[in-house]
Amino acid sequence: MDLQDLSFGIFGVAAVAEVIALVLVIVVGVQSMALFYAIAAAALVALAALGIYTLEAWRHPTSGEESHTAH
């Protein structure tokens, strides 16, 4: 498993955690500052993981992308 796969997995977990927390706030009506902090933290983790994923994709392009950037 390389860094790109790991960051994509972390992004998925953070996104699911964010959705669950938002459902608790909107549907169930839970109003807790800790839950709002959890939503903010999950959003930051998701953004960081997406940034790592994008950086790794930029550093290691696939063979199809290399042919387009060589011109």
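Which residue caps the N-terminal end of H2? Ser32 does so, with a side-chain oxygen 3.3 Å from the backbone nitrogen of Ala34. A polar contact is a pair of N or O atoms within 3.5 Å; within protein, one must be able to donate a hydrogen and the other to accept it, and residues adjacent in sequence count only if both atoms are side-chain atoms.

## Model and conventions

This is a predicted model, in which local features need pLDDT of at least 70 and side-chain atom pairs count only at pLDDT 80 or more, while totals for chains, interfaces and linings use all residues. Residues are numbered from 1 along each chain as its sequence is written, and side-chain values use heavy atoms, with hydrogens and water left out.

## Overall architecture

The chain contains three helices and zero strands, and its elements run α-α-α from the N terminus on. Helices (H or I, at least four residues) and strands (E, at least two) are DSSP runs, numbered from the N terminus.

The buried residues of H2 are Leu35, Ile39, Ala42, Ala46, Ala49 and Glu56, and they pack against helix H1 (3-28). Ala43, also in helix H2, is partly exposed, with a relative accessible area of 24%. Its C-alpha atom is separated by 6.9 Å from that of Glu18, 25 residues apart along the chain.

## Ser7 in helix H1

Ser7 belongs to helix H1 and is buried, with a relative accessible area of 4%. Its side chain reaches the backbone oxygen of Gln4 at 3.0 Å. Leaving aside neighbours within four places in sequence, Ser7 is in contact (heavy atoms within 4.5 Å) with Ala49, Ile52 and Tyr53.

Terms used. Buried < 20%, exposed > 50% of the residue type's maximum accessible area, 1.4 Å probe, protein only.
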